[in-house]
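Subject: The structure I promised you

Hi,

Here is the structure we talked about, ready for you to open in your viewer. My notes on what I found follow below it.

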Amino acid sequence: MARYLKNTWYQAGWVEELAPEGVLARTICEIPLVFFRCADGTATALIDRCPHRFAPLSAGKVAHDRITCGYHGLAFGADGRCVHNPHGPIVSALAVRAFPVVERHSAIWVWTGAAEQADPALIPDLSYIDETPPLARIAGYMPTAANYQLLSDNILDLSHADFLHPDTLGGINTSAKSTNRQDGERVVVDWLAENCVPPPAFRATLHGAERADIWTEVVWQAPAVMTLGVAAMEAGVARRPQDEGYTLHNMVPETATTTHYFYCATRRFRIDDQPFTDFLKVALAQAFVEEDKPMLERQQARIGQADFWDLQPVLLKIDGASTRARRVLQEKIAAEGAAD
Amino acid sequence: MARYLKNTWYQAGWVEELAPEGVLARTICEIPLVFFRCADGTATALIDRCPHRFAPLSAGKVAHDRITCGYHGLAFGADGRCVHNPHGPIVSALAVRAFPVVERHSAIWVWTGAAEQADPALIPDLSYIDETPPLARIAGYMPTAANYQLLSDNILDLSHADFLHPDTLGGINTSAKSTNRQDGERVVVDWLAENCVPPPAFRATLHGAERADIWTEVVWQAPAVMTLGVAAMEAGVARRPQDEGYTLHNMVPETATTTHYFYCATRRFRIDDQPFTDFLKVALAQAFVEEDKPMLERQQARIGQADFWDLQPVLLKIDGASTRARRVLQEKIAAEGAAD
Amino acid sequence: MARYLKNTWYQAGWVEELAPEGVLARTICEIPLVFFRCADGTATALIDRCPHRFAPLSAGKVAHDRITCGYHGLAFGADGRCVHNPHGPIVSALAVRAFPVVERHSAIWVWTGAAEQADPALIPDLSYIDETPPLARIAGYMPTAANYQLLSDNILDLSHADFLHPDTLGGINTSAKSTNRQDGERVVVDWLAENCVPPPAFRATLHGAERADIWTEVVWQAPAVMTLGVAAMEAGVARRPQDEGYTLHNMVPETATTTHYFYCATRRFRIDDQPFTDFLKVALAQAFVEEDKPMLERQQARIGQADFWDLQPVLLKIDGASTRARRVLQEKIAAEGAAD
């Protein structure tokens with residue numbers, strides 16, 4: 001079994017995926033989890049396996065702040081303890097592990113490590129999502145059959161857009177000025193394409209300007225949460241905060257070879273322009289579903305079950321940020337292992 | 001490879017699944033078997049793998065009391081010995097293992113252990129099938145991707161009906177009086193629901209009675225043959241033999257995680273009532289295919305390749321009979337292992 | 001991982017499968033390969049895995065005698081060396097292994113062993129293909145989920161046609177005179193069916209003759225290249241070269257349990273008879289796709305992951321040639337292992 005970072009918040013889904021008294025089954029880091037929502041709206045996460053006969057609780061029903069197993073009727077509360085046994089007394093073993101859950105930034109977050117360390121302050125700051133009117137957000141979920149670190153690599157090296165997304169986003173990053181640095185436990189990489197011909201996806205923003213300065217930045221934090229900032233200005237015009245857009249790319253391991261990819265694009269400009277939102281939605285879907293996903297899955301197929309580093313990848317300059325990020329994550333996982 | 005009980009009769013199918021000179025391929029306890037019928041009607045079972053090049057004999061043809069391999073024409077008789085080699089002499093190695101087969105109670109039975117111990121008297125007594133006119137029987141076969149002992153557990157604990165089959169069979173067993181006991185190598189469990197509101201599937205039998213006494217009994221014997229007796233009487237009326245119905249639930253291991261589930265419902269009442277038979281047929285199919293099967297398969301998926309006991313299931317009072325049955329079976333398998 | 005013969009030419013495909021500047025991805029002996037064609041028409045084979053991030057090169061583009069990775073734009077020439085790195089200098093590690101490729105007899109051949117030993121003179125002599133006008137050839141490709149040696153066995157023992165292809169090709173070989181012999185590293189087996197009733201597929205050739213002499217010969221060479229010669233004459237008439245037809249059966253291992261089956265039927269008679277070609281094409285497709293392939297795949301399913309010899313197949317007289325061929329191949333593979 002692969003090693004995953006435990007003491008961290010993983011995004012389990014988007015808030016709207018969990019209806020009132022609804023159920024969401026999602027495996028994270030190979031742990032089968034069931035999420036449900038109590039009457040007061042709070043969400044909860046339990047091991048999705050009844051301790052009696054191992055039926056998935058997600059095949060049951062939610063009502064009155066409890067989830068009832070669909071097989072023999074054992075009911076569990078938000079803390080994972082059995083609150084109803086139709087067949088006898090409630091012994092202490094009748095419990096499933098509960099996981100800390102917090103809803104923030106329109107996302108559901110679950111902590112897979114020691115519950116006492118589950119500080120909500122450790123949830124990544126994605127306040128740009130909250131600051132964007134819902135209609136101007138483009139949130140999505142794309143399950144992908146590749147290791148989550150391959151998906152992080154993808155975002156931490158945007159030069160790939162020039163080759164994989166030539167008709168929408170690409171054409172500017174390979175030749176852009178780029179730096180990357182470690183900022184505490186964060187990894188930051190940016191690109192500045194000056195006086196460039198704007199790629200198609202940027203043209204609508206530029207009001208017909210034929211030359212642009214395009215700034216892009218990715219901030220990564222463990223395990224694989226990335227915010228991609230971008231701003232396209234007419235060439236020579238200074239970048240202003242209101243020109244910026246920020247997109248979450250959050251790669252959540254389901255297993256060693258499958259990933260829950262959550263994304264949410266926000267922007268500070270043209271936020272009331274619904275046709276523009278719709279245009280971006282289509283452009284992102286094309287890039288993610290038709291271009292990134294097949295490449296990532298074929299990449300994983302070639303890697304198979306091998307360890308990434310064992311295959312001795314040739315490192316290029318463009319891999320600086322992703323290598324930093326892999327190293328930070330590896331050290332954090334190793335530190336947890338040493339502490340165990 | 002899982003350990004299975006060897007010296008026992010496994011149901012391989014229903015008699016009508018094997019046409020005159022027909023072929024039936026079925027893997028039992030991970031042994032690939034081919035069944036065919038001789039001209040006099042007797043059925044035979046051989047290893048379904050030609051000793052020459054390992055083609056499945058079931059891909060061949062049956063005629064004149066022999067099965068002929070479809071690849072190179074070697075023919076084998078009912079005893080597994082080669083009776084025709086188009087390419088030369090018949091050497092003694094040209095043989096496949098034959099298994100004792102008996103047809104009884106409308107079922108085909110095969111003995112996977114030592115042939116000299118294959119006493120037909122050891123076939124479970126299912127004479128209630130023979131006593132029921134064929135049109136009043138509801139026989140079926142439901143392959144299920146779950147371990148056969150999970151399917152036995154299902155029948156040995158009918159309280160599950162209250163949760164899994166609430167609209168047809170459920171609602172009475174959790175609150176019923178229940179006892180279980182071991183009777184030699186059999187496990188017997190019964191439920192008596194007195195003065196209960198009859199579940200929908202029982203209403204037709206009760207001629208409009210609003211309150212009923214419903215008696216249910218399951219008799220298990222190794223490896224996983226169960227007869228479920230049931231009788232629904234108007235509340236306060238004594239049960240008579242002619243009120244009873246008996247249903248076979250026979251769980252035959254195909255592999256460690258897949259099962260051949262054979263069932264046959266019989267009854268002593270309304271045996272000429274074809275619409276009632278049709279109604280029951282639909283009710284059973286709904287319960288088995290739409291409710292039991294998905295739950296059992298999801299249960300197996302959560303268990304994966306793990307050993308059931310290693311996962312430390314929490315035992316409830318309702319697990320008494322299934323735990324007894326698992327123990328009896330385990331002891332019989334262990335005894336065979338010790339004798340080997 | 002299975003052991004394969006390395007120092008040999010494997011057919012990777014038919015020439016027309018690789019268009020000018022086209023790409024062909026094919027795994028041979030578990031090695032993922034990408035084939036592409038340079039501007040001058042020469043074909044090349046590289047490991048189909050970029051050394052940077054392991055994307056398959058076959059997901060990229062071919063132009064100007066190079067293949068460009070579709071993920072980050074690294075380009076590789078026909079010798080496997082990187083010829084363009086958009087992101088920095090070309091270090092020596094930026095290379096993929098190249099494999100010798102030769103196109104001959106309408107086929108693309110790749111050498112998987114030591115490049116310095118890749119002598120084109122070692123390519124099997126299939127000049128009968130070149131001598132046949134393209135319209136009179138019937139070339140095909142049938143991927144089959146069975147070990148390549150099972151496919152060789154199939155051709156080296158044509159008695160199977162009497163049982164597996166009774167309506168087209170069969171009926172004559174089991175009773176024919178047959179000999180097999182080793183000729184250096186080749187294995188030769190022939191059948192002579194004298195004064196036989198011609199099978200349906202031969203009737204068109206015989207102009208209504210009711211009795212025929214049919215000669216068949218298979219010449220095998222490692223790893224699994226077979227030429228099947230056949231001639232059908234009116235009974236008593238001497239065989240002339242112009243009566244003969246030759247068909248390639250080339251079994252190329254993809255993995256231990258999957259095979260690329262390439263075939264090409266040629267003949268010296270009725271070469272301008274397009275309806276006859278069309279008739280043969282249908283007859284071959286029926287025999288291969290509907291009869292051989294299912295049997296071979298079911299055979300493999302019964303063998304599973306076991307070693308063929310460990311299962312102790314009973315050897316018949318008809319297995320003489322295939323046993324010789326398996327032994328020759330085994331010795332050649334063992335010799336390579338000893339030399340390593």
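Let me begin with a helix in chain A. The buried residues of α2(A) are A:Y148, A:Q149, A:L150, A:L151, A:S152, A:D153, A:N154, A:I155 and A:L156. That makes 9 of its 9 residues buried, and the helix as a whole is mostly covered. Please keep in mind that this is a predicted model.

For α2 (residues 148–156) and α6 of chain A, the axes come within 8 Å and cross at roughly 145°. The crossing is right-handed.

Next, the sheet in chain A. Seven strands form an open sheet with antiparallel pairing, in the order β12-β18-β17-β16-β15-β14-β13. The edges are taken by β12 (138–144) and β13 (177–183), each with a single partner strand, so one side of each has no neighbour in the sheet. From one strand to the next, the twist averages 15°. Helix α5 (residues 274–303) of chain A packs on this sheet, where it touches β12, β17 (244–255) and β18 (258–267), and its direction makes about 15° with that of β12(A). Helix α6 (residues 320–339) of chain A lies across β13, β14 and β15, running at about 15° to β13(A).

Within the sheet, β14 (residues 186–196) and β15 (residues 212–221) of chain A pair in the antiparallel sense over 8 bridges. Here A:V187 stands opposite A:W220 in β15(A).

Now to chain B, which has an open sheet of 3 strands in the order β1-β11-β10, again with antiparallel pairing. Its edge strands are β1 (9–14) and β10 (101–104), and because each has a single partner strand, one side of each is left without a neighbour in the sheet. The twist averages 30° from one strand to the next. β1(B) pairs with β11 (residues 107–111) of chain B over 5 bridges, and B:W9 has B:W111 in β11(B) as its bridge partner.

Is B:T259 buried or exposed? B:T259, which is found in strand β18 (residues 258–267) of chain B, is buried, because its relative accessible area is 2% and the cut-off for buried is under 20%. The B:T259 side chain reaches the backbone oxygen of B:A146 at 2.6 Å. Leaving out residues up to four places away in sequence, B:T259 touches several others, including B:M142, B:Y148, B:L151, B:M251 and B:E254.

Last, a hairpin in chain C. Strands β10 (residues 101–104) and β11 (residues 107–111) of chain C pair in the antiparallel sense over 4 bridges, with C:A107 as the bridge partner of C:R104. Between the two strands of the hairpin are 2 residues, and C:H105 in the turn has a positive phi of about 55°.

Technical notes. Residues numbered from 1 in each chain as written. Chains lettered and ligands numbered in written order. Predicted model: local features only at pLDDT ≥ 70, side-chain atom pairs only at ≥ 80, totals over all residues. Heavy atoms only, no water. Pairing = 2+ DSSP bridges. Axes fitted to C-alpha atoms, helices over the stretch in contact; angles between N-to-C directions. Contact = heavy atoms within 4.5 Å. Buried < 20%, exposed > 50% of the residue type's maximum accessible area, 1.4 Å probe, protein only. Polar contact = N/O pair within 3.5 Å; in protein donor to acceptor, adjacent residues only side chain to side chain. Left-handed = near helix turned anticlockwise from the far one by under 90°.
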